[in-house]
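Please view the sequence and the structure below, then read the points grouped by topic.

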Amino acid sequence: MKRNLLYMVTPFIFISVFAARPMTSLFANELEATMFEIGMITACYSIAPLIIAIFAGRYIDRYGERIPIFIGSLGLFISLCLPYFFPSVQILFISQLILGGSQLLAILAIQNGVAKSTTNKNRDRSVGTFSLFSSVGMLLGPILGGYSTEHYGFQLTFMILAFVPFVPMVLSLFISKPSRAVSVSKKEKSTSMKELFRIPGLSRAVLVSMIILSALDIFYVYFPLYAQSIGLNFSQIGLLLGAQAASNVLVRIFMPRLVTMFGRVTVLWVFMMIGAVSYGMIPFFHEFPLLFAASFLLGAGLGVTQPLTIVLSYNVSPPGQTGEVLGIRLAANRLGQTIIPFVFANLSTLIGLGPILFIKAIVLAAGALTARGIIDKLKQEEMSEGKVKVR
């Protein structure tokens, strides 16, 4: 079944990316890069997706998921090989550019394929299952990266990780092609970008998604540096990142039931607030057990939020433009990942790494309040048209 193949592909994409990203900031630090350079390297991960996301979404709407997943997996392989053969700060910029664009192609195709393969009633469960598989990759990636780095060094670890994307590359060949081009009828005018953002709830869902992903991005990039600055070793850092990913796995098991009981938007803003609280606790902790607890709570708080923004965005998309809307969502995510590391890199040189995490906690709390407002917009459409049913 196509959806099962997409599930199988997912963890291998995330293993390579979530092992490589925190390793890259640490490797750059070892290569004596400045905090500004580390911030710019982090931003490079988001530049390519920011440019290609919407076009990739339109391509997927028309021609399906097979080719984007294959090309994305191949790109991951190339990006991870580069630091092994050319260990320099300059190459890390190029590696992150390719890594970000390649992951975007694969993940956007998987998200759209999973969401369109089920009904609205079962979409939370299907997207939740996708998120569960992604969490497995997010869990294994940092642990594998941390352990391998401590025992084999950065360069060899990058080479080891480079072979992980071969699995999705092979599996993508078995994903069936669409029987015909899935494009908007010539008689139908596709919704313009301006009109898309007028859809009730969509702009808020995109903004909230951007805040959530940038919070995770800051955590994966700056938290390892903060942990290293207070004396933790690479294995401990890997375990802390793994704890965050493990709680992602656990909480997503219960996501469909939580949505049934309380509604998508209520679960979204409440769990964002939990994430904000746990984020704000980290700078005050220096002991490994306390940091482990805070990381676990952060993972639980943000674990269900990203899948819910996928479902919310997909459900309000016009027919035949779901890939494009999900592409807009991912482009917004990458915009946040481009701007925020640059801003925070400059801030970190002035106020240190700990306060950076506390500031991000405040931004997350503001995002939770923004997410709460999605309820009013969607209820308004429910009353006027009776089309969208998202609590």
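**Overview**

Helices H5 and H11 cross in a right-handed manner, where right-handed means that the near helix is turned clockwise from the far one by less than a right angle, and left-handed means anticlockwise. The model is a predicted one, in which local features need pLDDT of at least 70 and side-chain atom pairs count only at pLDDT 80 or more, while totals for chains, interfaces and linings use all residues. Residues are numbered from 1 along each chain as its sequence is written, and side-chain values use heavy atoms, with hydrogens and water left out.

**The chain as a whole**

- The secondary structure amounts to 17 helices and zero strands; helices (H or I, at least four residues) and strands (E, at least two) are DSSP runs, numbered from the N terminus.
- Of the 391 residues, 59% count as buried, a class that means under 20% relative accessible area, with exposed over 50% and partly exposed in between (1.4 Å probe, protein chains only).
- Among contacts with a separation of 6 or more, 86% join residues 24 or more positions apart; contact means heavy atoms within 4.5 Å.

**Helix H5 and its partners**

- The axes of H5 and helix H11 (residues 255–262) come within 9 Å and cross at roughly 150°; axes are lines fitted to C-alpha atoms, for helices over the stretch in contact, and angles run from 0 to 180 degrees between N-to-C directions.
- On the H5 side this contact is made by Asp124, Arg125 and Gly128, and on the H11 side by Met255, Pro256 and Val259.
- By class, the contact of H5 with H11 has three nonpolar, one polar and two charged residues; Ala, Val, Leu, Ile, Met, Phe, Trp, Tyr, Cys and Pro count as nonpolar, Asp, Glu, Lys and Arg as charged, and the others, Gly among them, as polar.
- Helix H1 (residues 2–30) packs with H5 (residues 120–152) at an angle of about 35°, and their axes are 6 Å apart.
- The crossing of H1 and H5 is right-handed, and the residues of this contact comprise 13 nonpolar, eight polar and one charged.

**Arginine 123**

- Arginine 123 is found in helix H5 and counts as buried because its relative accessible area is 9%.
- Its side chain reaches the backbone oxygen of alanine 115 at 3.0 Å.
- Leaving aside neighbours within four places in sequence, arginine 123 is in contact with Ala115, Thr118, Gly128, Val311, Tyr314 and Asn315.

**Other positions in helices and loops**

- Serine 102 lies in helix H4 and is buried, at 6% relative accessibility.
- Not counting residues up to four places away in sequence, serine 102 touches Gly72, Gly75 and Leu76.
- Phenylalanine 86 is in the loop between helix H3 (66–85) and helix H4 (89–116), and its 48% relative accessibility makes it partly exposed.
- The C-alpha atoms of phenylalanine 86 and glutamine 155 are separated by 9.0 Å, although these residues are 69 residues apart along the chain.
- Glutamate 32 is placed in the loop between H1 and helix H2 (35–63), and at 70% relative accessibility it counts as exposed.
- Glutamate 32 has a phi near 65°, a positive value in a residue other than glycine.

**Cysteines**

- The count of disulfides (pairs of cysteine sulfur atoms within 2.5 Å) comes to zero.
- Cysteine 44 is buried, with a relative accessible area of 8%, and cysteine 81 also counts as buried, at 10% relative accessibility.

Note on methods:
Polar contact = N/O pair within 3.5 Å; in protein donor to acceptor, adjacent residues only side chain to side chain.
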